[in-house]
Amino acid sequence: MVNIIWAFMAIIGIVYAMFNGTMNQVNKAIFESANEAVTLAIGLISVLVFWLGIMNIAEKAGILQVLTRLLRPIVVRLFPEIPKDHPAMGYILSNITANIFGLGNAATPMGIKAMEQMKQLSGTDTASRSMITFLALNTSGLTLVPTTVIAIRMQYHSIAPTEIVGTTIIATVISSLSAILIDRLFYTFSK
Amino acid sequence: MGIITSISTWLIPCFILLVLIVSTWKKVPTYELFVEGGKEGVKIAFSLLPFLLGMIVSISILRSSGALEAFVNLISPFLALVGIPPEVVPLAFVRPISGTAALGMTTELIATHGPDSFLGRLASTMQGSTDTTLYILTIYFGAVGIKKMRYALKVGLLADLIGILASIIIVTIMFE
């Protein structure tokens with residue numbers, strides 16, 4: 001599916017540019033965006049190194065396990081395939097906590113660790129049920145305070161930059177709940 | 001509101017403090033473990049590069065050709081019939097595909113229509129209430145080498161659709 005989407009975005013773009021006279025822009029975009037991707041990946045190094053370093057200490061010192069035990073009752077129902085005391089639980093919880101507080105750059109490294117642990121559990125290169133549930137939660141947002149949006153609103157002199165926090169939280173909760181529901185539906189029908 | 005933002009700024013330093021105090025107390029080799037974990041971060045970042053680059057280039061070909069815009073112009077009259085303002089249709093389509101492009105569009109909508117207008121509030125809510133599905137799938141599946149995604153993309157995109165519709169309905173109810 002990803003192969004098809006990936007190839008089709010580029011195919012449609014190039015063919016359309018032939019008739020639309022935008023080949024110049026397409027040509028420029030290819031190399032500019034490749035450059036942008038490198039900048040993005042290099043930028044990820046700092047947060048990945050820092051957070052995976054800190055989380056490695058937290059795991060070996062037993063802090064992650066304490067966090068897991070505290071918050072487990074909430075998450076255990078969402079991930080029935082993961083054993084209760086498995087380190088994957090700890091990373092999933094850290095990722096969710098970081099997301100809720102809008103700490104996107106702390107959430108990503110913890111999410112990657114969670115995926116790694118879940119892969120060890122399943123042992124294949126096919127996405128497991130828990131992985132998809134976890135991704136569904138992450139793609140639907142989870143953020144309570146959209147800091148970037150508030151910053152942009154302030155920049156354009158909004159009278160009340162934070163007035164959209166309420167609507168954002170309601171929309172996030174609705175999309176997260178539907179993500180969980182849709183995920184369950186797909187799982188049930190895929191069995 | 002003020003409480004939530006101050007929790008956000010205090011959370012990380014306090015978490016680091018807690019980790020360092022507990023691990024020193026337990027006589028865990030902190031610095032060595034930090035370096036060991038960090039090395040893994042370097043590896044992950046480099047192995048992610050081809051995944052990110054491939055996806056970002058393909059998306060930017062589609063956008064720069066004008067094909068996405070043409071498609072949006074074609075369908076926005078139909079979406080207007082069900083009450084979706086044509087101005088936010090491009091944002092709705094780009095939000096799950098490209099985070100930077102969506103942020104650019106949100107900024108533009110806020111700049112053109114004003115942050116406190118209906119469209120400004122709607123764009124803000126749409127931008128804040130969901131994350132970039134394609135980016136998250138690329139990063140997480142790429143980092144651990146998952147080749148078969150099964151129904152993950154469908155779940156993510158359907159949830160995005162519901163989130164966008166929810167944003168439109170909620171902003172209409174609360175601000176109109």
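**Close-up views of a predicted model**

**View 1. Arg153(A) forms a salt bridge with Glu163(A).** In this predicted model, their closest N and O atoms are 3.2 Å apart. Arg153(A) sits in helix α7 (residues 147-155) of chain A and Glu163(A) in the loop between α7 and α8 (164-190) of that chain, so the pair ties together parts 10 residues apart in sequence. Arg153(A) is buried, at 0% relative accessible area. Glu163(A) is partly exposed, at 23%.

**View 2. Glu163(A) also pairs with Arg121(B).** The closest N and O atoms are 2.5 Å apart. This pair crosses between chains, with Arg121(B) in helix α6 (residues 118-129) of chain B. Arg121(B) is buried, at 16% relative accessible area. A network of salt bridges links Arg153(A), Glu163(A), Asp116(B) and Arg121(B).

**View 3. Lys147(B) forms a salt bridge with Asp125(A).** Here the closest N and O atoms are 3.9 Å apart. The pair crosses between chains, from the loop between α7 (133-144) and α8 of chain B to the loop between α5 (104-122) and α6 (129-139) of chain A. Lys147(B) is exposed, at 66% relative accessibility. Asp125(A) is partly exposed, at 27%.

**View 4. The second largest pocket holds about 690 Å³ of space.** Of its 24 lining residues, Ala92(B), Phe93(B), Pro96(B), Ile97(B) and Leu157(B) are the closest to its centre. α8(B) gives the most to the lining, with 8 residues. The lining has 23 nonpolar, no polar and 1 charged residues.

**View 5. A nonpolar surface patch covers about 900 Å².** Its members include Ile4(A), Phe8(A) and Met23(A). Helix α1 (residues 2-20) of chain A gives the most, with 8 residues. Ile4(A), in that helix, is exposed, at 54% relative accessible area.

Methods: Residues are numbered from 1 along each chain as its sequence is written. Chains are lettered from A and ligands numbered from 1 in the order in which they are written. This is a predicted model: local features need pLDDT of at least 70, side-chain atom pairs count only at pLDDT 80 or more; totals for chains, interfaces and linings use all residues. Side-chain values use heavy atoms; hydrogens and water are left out. Patches are made of residues with over 30% relative accessible area and no salt bridge: like charges are joined within 9 Å, nonpolar side chains (Val, Leu, Ile, Met, Phe, Trp, Tyr) within 5 Å. Accessible areas come from the Shrake-Rupley method with a 1.4 Å probe; for residues, only the protein chains shown count as cover. A salt bridge is a side-chain nitrogen of Lys or Arg within 4 Å of a carboxyl oxygen of Asp or Glu. Helices (H or I, at least four residues) and strands (E, at least two) are DSSP runs, numbered from the N terminus. Buried means under 20% relative accessible area, exposed over 50%, partly exposed in between (1.4 Å probe, protein chains only). On a 1 Å grid over the protein atoms alone, a cavity is a set of points where a 1.4 Å probe fits but cannot get out, and a pocket is an open set with protein on both sides within 12 Å along at least five of seven lines; lining residues have an atom within 4 Å of a point. Grid points are joined across faces, edges and corners, and a volume is the space filled by probe spheres set on the points. Ala, Val, Leu, Ile, Met, Phe, Trp, Tyr, Cys and Pro count as nonpolar, Asp, Glu, Lys and Arg as charged, and the others, Gly among them, as polar.
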